[in-house]
Amino acid sequence: MSTLWVGTSWKMNKTLAEGREWASGLRDHLAGAAPEGVQPFVIPSFTATAAVREVLGEDSPVLLGVQNAHWEDAGAWTGEVSVPQAKDAGAQIVEIGHSERREHFGETIETTRLKVSATLHHGLIPLLCIGESAEVKDSGGTSEFILDQAHGALEGLDDQQLSRVVIAYEPIWAIGEQGRPATVEELIEPFAALGEQYTGKVAGLLYGGSVNLDNAADLLGIGHVTGLFVGRTAWQLEGYLELLRIAQTHLAA
Ligand code: PGA
């Protein structure tokens with residue numbers, strides 16, 4: 001059984017104090033070791049990266065990420081943060097291509113490709129997010145669309161580089177307040193398509209979008225799914241801890 005990744009992005013939420021409180025609660029709960037077979041990760045806002053690293057400690061079993069990074073190492077890119085800067089602040093993961101960044105901030109397949117490359121170059125883990133709109137889903141084009149996003153971003157990587165990539169499939173229609181939870185049925189085909197291409201080749205194939213405490217176990221049961229990438233349900237520490245328990249139960253079954 002492959003490692004189950006269970007992580008959260010806080011998106012544009014949490015003050016430093018709130019971030020520290022969440023992280024210290026998790027640190028104390030885990031007491032130095034992640035549940036067997038589970039890889040926890042947390043992706044705060046840039047402002048909280050260093051603080052969360054400090055709270056978790058250098059040897060934490062919890063991987064720390066950033067929600068975006070530029071592909072250049074440094075330079076005249078006002079408002080941007082580079083991969084070396086993210087690494088310097090303690091990050092080990094770079095989230096790339098979340099649908100909110102594609103929709104509102106002009107992220108393209110080309111920029112996701114550049115960012116995956118920069119992230120690997122600096123020894124961090126790219127967490128590549130892909131997912132289709134309701135329109136694409138309704139037209140029956142889901143698998144083709146998400147495979148295009150994945151292939152475009154991962155083009156040219158050798159097997160070793162690919163083995164460090166984590167992919168999160170997050171249908172846009174299932175994300176956030178406006179989204180509706182996907183049914184297991186709806187996810188079988190996209191994961192079969194992704195699995196055929198990437199199972200055994202990448203570090204993880206995660207599902208994200210309205211994951212909650214009622215559907216998490218069923219989502220983990222879908223073929224090729226090796227983890228969950230969660231927003232709202234994990235922003236309260238208790239919700240996140242419950243998701244870790246669900247993952248453990250899934251592994252034990
Ligand atoms: P959600 O967010 O769990 O709040 O729907 C998921 C995501 O955007 O990754």
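This is a predicted model: local features need pLDDT of at least 70, side-chain atom pairs count only at pLDDT 80 or more; totals for chains, interfaces and linings use all residues.
Let's start with helix α5, which runs over residues 109-121 and so has 13 residues. From its first C-alpha to its last, α5 reaches 18 Å, close to the 18 Å expected at 1.5 Å a residue. Which of its residues are buried? They are T111, T112, K115, V116, A118, T119 and L120. The buried residues of α5 pack against quite a list of partners: the helices α3 (83-88), α4 (99-104), α7 (142-154) and α8 (159-162), along with the strands β4 (93-96) and β5 (125-130). Just after α5 you'll come to G123, which takes a positive phi of about 80 degrees.

An α-helix has 3.6 residues a turn, so residues three or four places apart point the same way. Side chains of opposite charge can then pair when their charged atoms come close. R113 counts as partly exposed because its relative accessibility is 26%, and E110 is partly exposed too, at 41%.

Now find E186, where two of them come together. K137 forms a salt bridge with E186, the closest N and O atoms being 3.1 Å apart. This pair links distant parts of the chain, with K137 in helix α6 (residues 134-138) and E186 in helix α9 (residues 184-198), 49 residues apart. R180 forms a salt bridge with E186 as well, and here the closest N and O atoms are 2.5 Å apart. Put together, K137, R180 and E186 make a network of salt bridges. K137 is partly exposed, at 23% relative accessible area, and R180 is partly exposed at 38%.

Finally, turn to the ligand. The residues around it are K11, H98, E170, I175, G176, G209, S210, V230, G231 and R232. Zoom in on three of them. In E170, an N or O atom of the side chain is 2.6 Å from an oxygen atom of the ligand. G231 uses its backbone instead: one of its polar backbone atoms is 2.9 Å from a ligand oxygen. R232 has a polar side-chain atom 2.6 Å from an oxygen atom of the ligand. How much of the ligand does the protein bury? Taken alone the ligand exposes 280 Å², and the protein buries 98% of that.

Definitions and conventions
Residues are numbered from 1 along each chain as its sequence is written. Side-chain values use heavy atoms; hydrogens and water are left out. Helices (H or I, at least four residues) and strands (E, at least two) are DSSP runs, numbered from the N terminus. The expected span of a helix is 1.5 Å times one less than its number of residues. Buried means under 20% relative accessible area, exposed over 50%, partly exposed in between (1.4 Å probe, protein chains only). Contact means heavy atoms within 4.5 Å. A residue is near a molecule or strand if one of its heavy atoms lies within 4 Å of it. A polar contact is a pair of N or O atoms within 3.5 Å; within protein, one must be able to donate a hydrogen and the other to accept it, and residues adjacent in sequence count only if both atoms are side-chain atoms. Accessible areas come from the Shrake-Rupley method with a 1.4 Å probe; for residues, only the protein chains shown count as cover. A salt bridge is a side-chain nitrogen of Lys or Arg within 4 Å of a carboxyl oxygen of Asp or Glu.
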